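This report goes through selected local features of one protein chain, element by element. The sequence and structure come next.

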Amino acid sequence: MKALVYEQFQTSPKIQKVKDPTPEKNGVVIEVKATGLCRSDWHGWMGHDEDIELPHVPGHEFAGIVSAVGKNVKKWKIGDRVTVPFVCACGICPTCASGNQHVCDDQFQPGFTHWGSFAEYVRIDRANTNLVAIPESMEFETAASLGCRFATSFRAVVDQGKVSGGQWVAVFGCGGVGLSAIMIAKALGAQVIAIDISEKQLQIAKKLGADVLLNPLTESAIPTAILEITHGGAHVSLDCLGKSLLAYDSVASLRKRGKHIQVGLLLDSEKDTALPMNLVIAKELEILGSHGMQAWRYQEMMDMISTGKLKPELLIGKTISLEEATKALPEMNKFENQGITIINQF
């Protein structure tokens, strides 16, 4: 099969012909129809993920058609239209038994622990636990956009933040994760403040329903501004980029008993970040993480998409070929893309 491969970290990926995958007894092989280009893929290419073994095929948010099935797979058949959470679970550990497969004790992640979806085919093990059906009405590109950024935001806003109508929600960082969070929070009836240094991204946020736009380049004290706009602070605030300053400002922007949700990855020098713990105590704040979403939780999100309450296709900025992705992947840290980039030409 054709695949995008990098032999060393931070070196140019190449298109190569590699061996076709075959399914494990409990797994399937999926013909990839669309796959998202995510900043997590860039982090992997940079060498920030210790699970990656070289040479490597990245890609973790995708959709396609089941092309081969292991003999122990009962729920799926060749021809099924499917997508997969970026965290795949074992289905049998104590954490999975509690319903929290997204933090499975024996998880695997396509594109990180295993070769991923920047290829014509991808192998997924434990298919009975990890596959999600795609309705016929949904385009593969839309389904691919759900796998990491949108699903993670859905859990962050709905399950962790428990956002409800009339609340104030502050979203720090208006990339794919942040724009997803804005759309979801608006669908739940919240008032949303979008924070980003890019005026282009802020204008996209406005189109998706953001009520207030704040740019740190022109607004020197973001937490103060949010406290004033909301008359006390946000009920829920999210760092959707993964920066120490944003995490700090997010916590500082909350009202009493508010919730900070950390969605963006804090890596390297950012991971040991300082937070205003005095405010956490004084205001009885909650600090929560959001790491993917379980396969069984997709149905509520799919229902909201089917009824038009959510329109993730609006977040897709452009589609490219696998060949074009060899240049697009190393350039992701320039933040030049508007919306989600989807690979759909193999």
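## Terms and basis

Contact, or touching, means heavy atoms within 4.5 Å. This is a predicted model, in which local features need pLDDT of at least 70 and side-chain atom pairs count only at pLDDT 80 or more, while totals for chains, interfaces and linings use all residues. Residues are numbered from 1 along each chain as its sequence is written, and side-chain values use heavy atoms, with hydrogens and water left out.

Helices (H or I, at least four residues) and strands (E, at least two) are DSSP runs, numbered from the N terminus. Buried stands for under 20% relative accessible area, exposed for over 50%, and partly exposed for values in between (1.4 Å probe, protein chains only).

## Antiparallel strands

Two strands are said to pair if DSSP finds at least two bridges between them. Strand β3 (residues 28-37) pairs with β4 in the antiparallel sense over seven bridges, with T35 opposite F62 in β4. A cis peptide bond joins L54 to P55, with omega about -5°. β4 is also joined by three bridges to strand β5 (residues 81-83), again in an antiparallel arrangement; here I65 has R81 in β5 as its bridge partner.

β3 also runs antiparallel to β6, with four bridges between them. I30 has V122 in β6 as its bridge partner. The covered face of β6 carries V122 and I124, and the uncovered face carries Y121 and R123.

On a 1 Å grid over the protein atoms alone, a cavity is a set of points where a 1.4 Å probe fits but cannot get out, whereas a pocket is an open set with protein on both sides within 12 Å along at least five of seven lines; lining residues have an atom within 4 Å of a point. Grid points are joined across faces, edges and corners, and a volume is the space filled by probe spheres set on the points. The second largest pocket holds about 150 Å³ of space.

Its lining consists of M1, K19, P21, H114, W115, G116, Y121, V122, R123 and D125. By class, the lining has five nonpolar, two polar and three charged residues. In this scheme Ala, Val, Leu, Ile, Met, Phe, Trp, Tyr, Cys and Pro count as nonpolar, Asp, Glu, Lys and Arg as charged, and the others, Gly among them, as polar.

## Around helix α4

P135 sits in the loop between β7 (132-133) and α4. P135 counts as partly exposed because its relative accessibility is 28%. Leaving out residues up to four places away in sequence, P135 touches R81 and M302. The C-alpha atoms of P135 and D80 are 9.9 Å apart, although 55 residues separate the two in sequence.

T142 belongs to helix α4 (residues 140-160). Its relative accessibility is 8%, so T142 counts as buried. With residues up to four places away in sequence again left out, T142 touches P312, E313 and I316. K162 lies in the loop between α4 and β8, and its phi is near 50°, a positive value in a residue other than glycine. K162 counts as exposed because its relative accessibility is 54%.

Strand β12 (residues 254-262) pairs with strand β13 (residues 286-289) in the parallel sense over four bridges, and Q262 stands opposite G289 in β13. Together with helix α9 (residues 277-282), β12 and β13 make a right-handed β-α-β unit. Right-handed here means that, with the strands pointing away from the viewer, the path from the first strand over the helix to the second runs clockwise.

In helix α8 (residues 244-252), the buried residues are L246, A247, D249, S250, V251 and A252. The buried residues of α8 pack against β8 (168-172), α7 (222-229), β11 (234-239), β12 and α9.

G308 is in the loop between α10 (298-306) and β14 (316-321). At 33% relative accessibility, G308 counts as partly exposed. G308 and A187 are 121 residues apart in sequence, and their C-alpha atoms are 9.7 Å apart in space.
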